[in-house]
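Hi everyone, thanks for coming. I'd like to walk you through one structure today, so please have a look at the screen.

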Amino acid sequence: MPEVYGWTGKRLRVDLKNKKITIEPLVTRFRKKWLGGRGFNMKVLWDEIKPGIDPLGEDNVLCFGVGPLAGTLASTSGRFNVSAKSPLTGLIGDSNCGGHFGAALKGAGYDQIIITGRSEEPVYLLIKNGRVEIRDARPFWGKNVYKATVSLKEDIGAQSMVVCIGTAGENLVRFANIMAEGCNAAGRTGMGAVMGSKNLKAIAVKGTRGVKIAEPEKFEKLAKHRFDELRSEAFYKAFSMYGTTVLNNPEWSSSLSQCKNFQSWNLPGIDKLSGHNTLRYVSRLKSCTACPLSCHRLYNILTGSYAGDRAAGPEFETVAHLGYLTMNTDLEVVLKSNTLCNDLGLDTMSAGHVLANAMEWYQRGIITHKDAGGVKLEWGNGEAQIQMIQKIAKREGFGDVLAEGAYNAGRIIGDEALRYVGHVKGMCHLDLRQGYAFALSRMTSTRGSDHLRGDPSMISNPEACKKILGDSKIAYPVTIYGKEKMVVWQENINVLADCLPRCKNDGIQYYFPISKRVFKDIVEILSAATGVDWTTKELNLIAERIYTLEQAFCVREGINREHYKLSWRFAQEPIPDGLFKGSIVSQKELDELLDGYFNQRGWDIKSAVPTRGKVSELDLIEVADELNELLPRSSWNGPPLDKKFIA
Ligand code: SF4
């Protein structure tokens, strides 16, 4: 095999049913076509997951992938993607995670792990450079994330990097996450439940082999330049101090203050949840591999009801979901909720959503005090929130229904409950009424409503729009003009970030100014690492290919143009108060925008299916053949559920 630079050129396949481990080569053509991380994973999901399978059944396939920059000195490159069919949505499941696991996996000599089948008994996977073993995890099963991580490290050595699930993953909570090193979350789409369904408690990796770089001197110079550049950005100091909770500070929070399950944008006491206030609890800063930004903070509550509580975080999203949406302005309750979610292995965003929906159902009498198992699900009731998080993870009482996630719980309880769930393709995020670019990015996200697929960072930035999209008018936030171009650009660069890997905080999305240099940076450093002469055009094509394959996966599972309709509240209720008072998204205008988006993507505007012309341009013709054979498809409604709600 010729020398491989950047990548390792190998992946592990682990068949848990037959306890079989194989090493497969990743040939040049495959690597250049799918780049890494998310791209490698999506190709496997398309090829190996049969349409219609139960995501919690043994036929689901779970992939961990890293890209050519992982394990190198390229800025923010220690990340990995974990992907499978999502038990939360029945569509694409995919989450990108920081920490050190990605770099360790690469250092152990692998670009990807593919996990198939289901073990009869709890196991964990141990990878120590070339040595790979499936080991008995019974001593760790039943332990939550922090204890399981520490106990595993005691057994196998402190230098191993561990990803594991907690009680929620073991109990197949549909929004269970996977925690890396106990403090970084692969949060969205329920990948922890897939791990739990396979009886796989953890993966521990020790990797000490370096990554071969094609042009080491040039690479080092470029990597150093990016570090210096990030450190000299105006926003660097604030971001390193507050992390993402910089957005919870008063300068930003009035434009992000959606609360009460989106019934209001006016949260009295919101400033108690500011980033400034979180600093009182911070014990130290923490960074992912090769990151000068160090946006993670470890906190410690020293006094009061939750004294002794400590964990990593919280992120802006956690404060917004477990604070704003549930009307909870007690910062210590938010911290305690965050600690519990991390330890039990729950996505803080989906947890916040399901709690906020439960509180609205309670407010409206759709569920009663008795239905909620005697828990007073009133707005801002911190004790109820903390109690219910634990019940969800254990699937206890009403927690068993909420463990299905907000959209699925709505399906179980009935149409009246479902009406208030603000979701896209079964997953919830923030209020879509903030503007058309924002709404479009949520509607077209291939994993359901979310901020990390294509949240348009160029909004209100005419200079960036002019430079990148050639038209400053696109920046104007109120109109639909050109927003499809903005969203497609952002979706594509986010795909690349998940393939390289590179953190989205590193000039990709938000915080640090995006510019055309982002692509130039990527082209230069990727070429120096891999020895391949990349061009912007090629990278764009790869991003388009991956995003189109994700769409094809969703279409194969029953997504069609009908699923691009707004949830009831976002289409019918103008925002009643706050900065965006009176705002609403018109489905008619959104449809117009979606037509533009589908045209831009080369997907059929009536069916949402990638066109044959487009897929052949992207070298995906086998996808078109398979989609044709499947016609007509049954329409998606969510994953299969077996729960009943008896009021
Ligand atoms: S910016 Fe934060 S999340 Fe991103 S790699 Fe750095 S420390 Fe990790």
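Let me start with a question: is Cys 259 buried or exposed? Cys 259 is buried, and its relative accessible area is 0%. Please keep in mind that this is a predicted model.

Searching the whole structure turns up zero of them. For Cys 259, the nearest cysteine sulfur belongs to Cys 428 and sits 16 Å away. And Cys 428 itself? Its sulfur has Cys 341 as the closest cysteine partner, but at 15 Å that is too far for a bond. Cys 428 is also buried, with a relative accessible area of 5%.

Next, a polar residue. Asn 357 belongs to helix H13, which covers residues 348–363. Asn 357 is buried, at a relative accessible area of 0%. What does its side chain meet through a polar contact of 3.0 Å? That would be the side chain of Asn 261. Beyond neighbours within four places in sequence, the contacts of Asn 357 are Asn 261, Ala 406, Tyr 420 and Val 421.

Now to the nonpolar side of things. The largest nonpolar core has 161 residues, and those touching the most other members are Leu 35, Trp 361, Leu 377, Phe 398 and Leu 539. Helix H22, residues 536–556, gives the most to this core, with 10 residues. Apart from it there is another core of 34 residues, including Ala 84 and Ile 178.

Finally, take Phe 398: leaving out residues up to four places away in sequence, it touches several residues, among them Ala 358, Leu 377, Met 388 and Phe 645.

Conventions:
Residues numbered from 1 in each chain as written. Predicted model: local features only at pLDDT ≥ 70, side-chain atom pairs only at ≥ 80, totals over all residues. Heavy atoms only, no water. Helix = DSSP H or I, 4+ residues; strand = E, 2+ residues; numbered from the N terminus. Buried < 20%, exposed > 50% of the residue type's maximum accessible area, 1.4 Å probe, protein only. Polar contact = N/O pair within 3.5 Å; in protein donor to acceptor, adjacent residues only side chain to side chain. Contact = heavy atoms within 4.5 Å. Core = buried A, V, L, I, M, F, W, Y, C linked by side-chain atoms within 4.5 Å. Disulfide = S-S within 2.5 Å.
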